[in-house]
Amino acid sequence: MSVAPPQARSAAPVSAGERRIALFGGTFDPIHVGHLAVARAAERRFHLDEIHFIPTGRPPHKHRRGMASYADRYAMVALACADHPRFIASLAESGPGHSGREVYYSVETVRHLKQKFHGTDTRLYFLLGADSFLHIPSWKDYETLLGLCDFIVASRPGFRVEALRLVIPPDLLARKGAEHGPLDPRAIILRRTSVFVLDTVSSHVSATEVRERLDRKESIHGLVPPRVEEYITKQALYR
Ligand code: ATP
């Protein structure tokens, strides 16, 4: 029996007692208010019980000199999550000894967490920004990944939501009339999963802007949570 409140029913049906967890991976170099706005909007619209912020170890797609250490990026994520009861800083990609030196692929992390929550009536979502989703064809085993769990794609200024459909191979789409679920006109229904568009958020903030401002010795006040700003100052990061 569906017990979702009316506004959620069109986005994704919920079963009684089901726990809903979103996995929000990123470099978080550093975490900023745009990330938190996305997480809050997803929490509201999808009635999420937990959002796991997963700082990536060594990012497979972003190789940048001067990247903050895993320990610093994780610490900033933990500080940003401190005031939000449903936001959890996850060590899922910290690797052996929590060194953060290992490359993790999302397909492996999601598979691992799916196994971990197996049998616990948990529904997993993969939360990411539209810019990241448009690059998904370059991710390892992305066709498998798209079938592992539902996706929530947050709109980001400058990215067209209509473009999202174009990166999904047509043979992964559900056949007309064979759609399994949500009657959300903005959702893209795949054979086993759905891609939901989260367009109730629009933040221009990026980690690049935060780092560039720090490099120019400009204020980052309001771009990152106060505790993260304090941490960056104390540890003299991105200078
Ligand atoms: P950078 O500027 O270094 O590329 P970033 O700000 O995109 O970093 P990431 O840690 O790479 O931050 O992002 C993690 C996830 O959050 C990605 O899926 C990204 O698309 C999403 N994201 C980041 N900022 C925003 C934003 N302002 N609006 C929507 N999604 C965002």
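Mentor: Buried means under 20% relative accessible area. Keep that cut-off in mind for this predicted model.

Trainee: Which way do the residues of E5 point, and are they buried or exposed?

Mentor: Asp150, Ile152 and Ala154 point one way from E5, Phe151 and Val153 point the other way, and all are buried.

Trainee: Which strands does E5 join, and how do they run?

Mentor: Take the two partners in turn. E4 is joined to E5 by 5 bridges, and the two run parallel; Tyr125 stands opposite Asp150 in that pairing. E5 is also joined to E7, by 4 bridges and again in parallel. There, Ile152 has Phe196 of E7 as its bridge partner.

Trainee: In what order do the strands of the sheet lie?

Mentor: The order is E3-E2-E1-E4-E5-E7-E6, an open sheet of 7 strands with mixed pairing. Its edge strands, E3 (87-89) and E6 (188-189), each pair on one side only. Elsewhere in the sheet, E1 (residues 19-26) and E4 (residues 122-129) run parallel and are joined by 6 bridges. Arg20 stands opposite Arg123 in E4.

Trainee: Which strands does helix H2 touch?

Mentor: H2 (residues 33-46) packs on the sheet and touches E1, E2 (50-55), E3, E4, E5 (150-154) and E7 (194-198). The direction of H2 makes about 115 degrees with that of E7.

Trainee: What should I expect of nonpolar side chains?

Mentor: In soluble globular proteins they tend to be buried together. In this model, the largest nonpolar core has 42 residues. Those touching the most other members are Ile31, Ile51, Phe53, Met76, Leu127, Leu198 and Ile232. H2 supplies the largest share of this core, 6 residues. Apart from it lies another core, of 29 residues, including Leu124, Trp139, Leu145 and Val167.

Trainee: Which residues is Ile51 in contact with, leaving aside its neighbours within four places in sequence?

Mentor: On that basis, Ile51 is in contact with Ala22, Phe24, Ala39, Glu43, Arg86, Phe87, Ile88 and Leu127.

Trainee: Why does Cys81 count as buried?

Mentor: Compare the value with the cut-off. Cys81 counts as buried because its relative accessibility is 5%, and buried means under 20%. Cys149 has 4% relative accessibility, so Cys149 counts as buried too.

Trainee: How many disulfides does a search of the whole structure find?

Mentor: The search finds 0 disulfides.

Methods. Residues are numbered from 1 along each chain as its sequence is written. This is a predicted model: local features need pLDDT of at least 70, side-chain atom pairs count only at pLDDT 80 or more; totals for chains, interfaces and linings use all residues. Side-chain values use heavy atoms; hydrogens and water are left out. Two strands pair if DSSP finds at least two bridges between them. Contact means heavy atoms within 4.5 Å. Axes are lines fitted to C-alpha atoms, for helices over the stretch in contact, and angles run from 0 to 180 degrees between N-to-C directions. A disulfide is a pair of cysteine sulfur atoms within 2.5 Å. Buried means under 20% relative accessible area, exposed over 50%, partly exposed in between (1.4 Å probe, protein chains only). A nonpolar core is a set of buried Ala, Val, Leu, Ile, Met, Phe, Trp, Tyr and Cys residues joined through side-chain atoms within 4.5 Å.
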